[in-house]
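Here is a short tour of one protein chain. Look at the model first, then read on.

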Amino acid sequence: MSVLPIIQLNKNEFTKEDTVPRKKGEEVIDFLQKKETDLVVLDINMPKMDGITCSRVLKKQFPWIKILILTMYPQKSFIDEIVKIGID
């Protein structure tokens, strides 16, 4: 099960409230439509909408947000796609 921490970077110190876990890509997009965020950490393996697809949507709707994708998959095709999308 994936957990997607969404972190606001506009503070000097982080608190527990600065990290908002979301499990599905749709939840991340919905959250970002309501709250300004600077950094999203995604896993490639997520239910319904994978991290790569979610990243594509995020880069179109929120081009200023920095995205960090984590994965244990060794396939070069994933890396190629991430670079193609323009993930930071």
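Which backbone oxygen does the side chain of Ser55 reach? The side chain of Ser55 reaches the backbone oxygen of Gly51, at 2.7 Å. A polar contact here is a pair of N or O atoms within 3.5 Å; within protein, one must be able to donate a hydrogen and the other to accept it, and residues adjacent in sequence count only if both atoms are side-chain atoms.

## The model

This is a predicted model, in which local features need pLDDT of at least 70 and side-chain atom pairs count only at pLDDT 80 or more, while totals for chains, interfaces and linings use all residues. Residues are numbered from 1 along each chain as its sequence is written, and side-chain values use heavy atoms, with hydrogens and water left out.

## Overall layout

The chain has 3 helices and 3 strands. From the N terminus, their order is β-α-β-α-β-α. Helices (H or I, at least four residues) and strands (E, at least two) are DSSP runs, numbered from the N terminus.

The chain holds 88 residues, and 38% of them are buried. Buried means under 20% relative accessible area, exposed over 50%, and partly exposed in between (1.4 Å probe, protein chains only). Of the contacts with a separation of 6 or more, 57% join residues 24 or more positions apart. Contact means heavy atoms within 4.5 Å.

## The nonpolar core

The largest nonpolar core has 19 residues. Such a core is a set of buried Ala, Val, Leu, Ile, Met, Phe, Trp, Tyr and Cys residues joined through side-chain atoms within 4.5 Å. Leu32, Leu42, Cys54 and Leu58 touch the most other members. Helix 1 (25-34), strand 2 (39-43), helix 2 (51-61), strand 3 (66-70) and helix 3 (76-85) each supply at least two residues. Helix 1 gives the most, with 4 residues.

Take Cys54. Beyond its neighbours within four places in sequence, Cys54 is in contact with Gly25, Val28, Ile29, Leu42, Met46 and Met49.

## Helix 1

Gly25, Val28, Ile29, Phe31 and Leu32 are buried in helix 1. Seen down the axis, the buried residues fall within an arc of 165°, so they line one face of the helix. The arc is that of the directions from the helix axis to the C-beta atoms. Gln33 and Lys34 are exposed on the other side of helix 1.

## Helix 2

Asp50 caps the N-terminal end of helix 2. One of its side-chain oxygens lies 2.9 Å from the backbone nitrogen of Ile52. In helix 2, Gly51, Ile52, Cys54, Ser55, Leu58 and Lys59 are buried. They cover an arc of only 155° around the axis, which puts them on the same side of helix 2. These buried residues pack against helix 1, strand 2, strand 3 and helix 3.

Ser55 lies in helix 2. Its relative accessible area is 0%, so Ser55 is buried. Leaving aside neighbours within four places in sequence, Ser55 is in contact with Leu42, Ile67, Ile69, Ile85 and Ile87.

## Aromatic pairs

The whole structure has 2 aromatic pairs. Rings of Phe, Tyr and Trp (its six-membered ring) pair if their centres lie within 6.5 Å; planes under 30 degrees apart count as stacked, over 60 as edge-to-face and the rest as tilted. The ring centres of Phe62 and Trp64 are 5.7 Å apart with planes at 90°, so this pair is edge-to-face. Phe62 is buried, at 8% relative accessibility.

Tyr73 and Phe78 form a tilted pair, 5.2 Å centre to centre with 45° between the planes. Tyr73 is partly exposed at 36% relative accessibility. Phe78 is partly exposed at 23%.
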